[in-house]
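Here are my notes on the model, point by point. Please read them with the coordinates open.

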Amino acid sequence: MTAAKLVAEAALRQDQYFQASPEYGPERMGAPIQAFTRISAEPIDIFCGVTNPDIVVVLDPTLLGAVDVTDGMPEGGTLLVNTADEPAVIREQTGFASGKVATVDATQIAIDTIGKAIPNTPMLGALLKATGIMDIDGVLEHVRTSFGKKFSQEIIEGNVNAVRRAYEEVKIG
Amino acid sequence: MAKTVAITGNVACAHAMRQIDPDVVAAYPITPQTTIVEEFSNFVAKGQVETEYVTVESEHSAMSACIGASAAGSRVMTTTSSQGLALMWEMLYIAAGLRLPIVMHNVNRTLSAPINIHCDHSDSMGARDAGWIQLFSEDAQEAYDNTIQAIRIAEHPDVHLPVMVLLDGFIISHAIARLDLLEDDQVKEFVGAYQPGYHLLDPQHQATMGAFDGLHGNYFEFKRAQVEAIRNSKQVTIDVGKEFGAMSGRSYGLFELYEMDDAEVAVIVMGSTAGTTRAVVKELRADGVKAGMIKLRAFRPFPAPELAAAVRDMKAVAVLDRAESVGADAGPAYLEVRNALYDSERRPAIINYIYGLGGRDVGLELIRDVYSDLADLAGGKSVEAVSYLGLRE
């Protein structure tokens, strides 16, 4: 949800419309959940679940064996996974043949830059590179201003570096 | 100048409350309560409002405290949801019977059993006869806008009744959306200062409220006066909606007509599914189908003659109900619309769908099915009068 909020706020800065909604269930940190985001240049009418996602972001790669993460994805969709593996390995594992597969070791990047294994922020950087949905400079500016109200300079720079590193390191195959 | 923000429906409602800055908010702060009061309590803690914020031990007590504070002449607000509204039941009638202009959010969520926390309109539909004005919201922007307008409608001297502002649980309440907040001063000026008329703390005009009126008292006459007051609220709702539009650029009425000018078939719907329906109407219009939609905003008072006039020239109409009236064999909105049409010389064929109970998702495909049935019905084919949309059978 934190990641979804970050994407929504970054989209607002670029004058986009959006909807970000979590699917409520187990309310414990780190429990597997689905969250949905829609982004559009036009106001968004529809208020129903996302069943045909153009982009799927998997924060926890251990779910790949348990859930069909590519369910409903169109040909030409983008699957982005937090893993140290190469895109080819994920393509093999998921059987997602038609679209784009991107991987990034966001957990390691988070440990290196933020000091904690929370992959949300680096995944945002990888998402920007893999999809081009938004411009990275605007997003970094947003991370600086929104985090600036609550956190120290060290944490802000950690998060900015996390986004940038993931943007540079994401592998697209 | 309005400020564009990325916030949830609940936070939007809390901001409306902050800008209104009511005298008293009494609320039960724990589940099934929503984060609206949690956000509002932050504003209280930071000193951003002057509100006396009272946390109580149950929803029943929350409404009781609101009633006491309102009878004492305060501007009063609260928020609730689902089982919380159910627990308020007897006090809802008392708030309306005492003609207290309390404004309350109800985040529409279903009632148990079985336990389910998700969206439908069962909770507020059950309260439809309690004497409250009920305004549905499609999205977070409307929930925010309705909150501000509700104050003016409730407190209008011709009305003086409580108002429930309704928004769809999770779909709107917990989703982050883009919306415009008005300036604090604009809201302050729009709602103005509360002039309570009679209240209990005015020694110059002593009053008794809600006392036992004896076997030969005027209970019947009080109820009749309540009916008149809620009828009056129609015009007030329209006037306030226009005035709000002049300020914000977003006007409101009793319902919204979408692509209805030359429509031959239409769906009547409340809450967030109106958005999904609009998206389907856009598709159908692109294909040359004369489809329209009526988004019902005011469910109480029910705009019966106005709706009958709006659909009189249509071929077929479907009413979507996100609530079941068990034993009635039809949904509550459908029964009202059908009743509204009885006296019309010209009226469309009309069908009903019960949908989305317990949060069951309603996607574009299901709404397309409804319009497909409407096309059949308009073409003279027989379609089942009441059916279930998205039910696993």
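1. How much space lies in the second largest pocket? About 750 Å³. The closest to its centre, among the 25 lining residues, are B:Gly97, B:Leu98, B:Met209, B:Gly210 and B:Phe222. The terms first. On a 1 Å grid over the protein atoms alone, a pocket is an open set of points with protein on both sides within 12 Å along at least five of seven lines, a cavity is a set where a 1.4 Å probe fits but cannot get out, and a lining residue has an atom within 4 Å of a point. Points are joined across faces, edges and corners, and the volume is the space filled by probe spheres set on them.

2. Ground rules. This is a predicted model, in which local features need pLDDT of at least 70 and side-chain atom pairs count only at pLDDT 80 or more, while totals for chains, interfaces and linings use all residues. Residues are numbered from 1 along each chain as its sequence is written, chains are lettered from A and ligands numbered from 1 in the order written, and side-chain values use heavy atoms, without hydrogens and water.

3. In chain B, helix H5 (89-97) and helix H9 (219-248) each supply at least two residues of it. H9(B) gives the largest share, five residues. Helices (H or I, at least four residues) and strands (E, at least two) are DSSP runs, numbered from the N terminus. By type, the lining has 14 nonpolar, eight polar and three charged residues. Here Ala, Val, Leu, Ile, Met, Phe, Trp, Tyr, Cys and Pro count as nonpolar, Asp, Glu, Lys and Arg as charged, and the others, Gly among them, as polar.

4. B:Gln226 deserves a look. This residue is found in helix H9 of chain B. B:Gln226 is buried, at 9% relative accessible area; buried means under 20%, exposed over 50%, partly exposed in between (1.4 Å probe, protein chains only). Beyond its neighbours within four places in sequence, B:Gln226 is in contact with B:Ala96, B:Gly97, B:Arg99, B:Gly131 and B:Leu161 (contact: heavy atoms within 4.5 Å). Its C-alpha atom is 9.1 Å from that of B:His160, 66 residues apart along the chain. The side chains of B:Gln226 and B:Lys223 are joined by a polar contact of 2.8 Å. That term means a pair of N or O atoms within 3.5 Å; within protein, one must be able to donate a hydrogen and the other to accept it, and residues adjacent in sequence count only if both atoms are side-chain atoms.

5. Which residue of chain B does the side chain of A:Asp45 meet in a polar contact? The partner is the side chain of B:Arg278, at 3.0 Å. A:Asp45 sits in the loop between strand E2 (35-40) and strand E3 (55-58) of chain A. With a relative accessibility of 14%, A:Asp45 counts as buried. A:Asp45 also touches B:Gly275, B:Thr276, B:Ala279 and B:Lys282.

6. The cavity. The count of cavities of 30 Å³ or more is one. About 40 Å³ of space lies in the largest cavity. Residues of both chains line it: A:Gln19, A:Phe47, B:Ala140, B:Ile171, B:Ile172, B:Ala175 and B:Ala177. That lining divides into six nonpolar, one polar and no charged.

7. Backbone points to check. Most residues other than glycine have a negative phi, and most peptide bonds are trans. The bond from B:Ala113 to B:Pro114 is cis, with omega near -5 degrees. B:Pro114 is in the loop between strand E5 (103-108) and helix H6 (122-126) of chain B. Another cis peptide bond joins B:Arg300 and B:Pro301, with omega about -5 degrees. A:Asp15 has a positive phi, near 60 degrees. B:Phe170 also has a positive phi, about 65 degrees, and is buried at 13% relative accessibility.

8. Aromatic pairs. Over all chains there are four. The rings of B:Phe244 and B:Tyr252 are edge-to-face, because their centres are 6.1 Å apart and their planes at 65 degrees. Rings of Phe, Tyr and Trp (its six-membered ring) pair if their centres lie within 6.5 Å; planes under 30 degrees apart are stacked, over 60 edge-to-face, the rest tilted. Ring pairs link B:Phe190, B:Phe244 and B:Tyr252 into a cluster.
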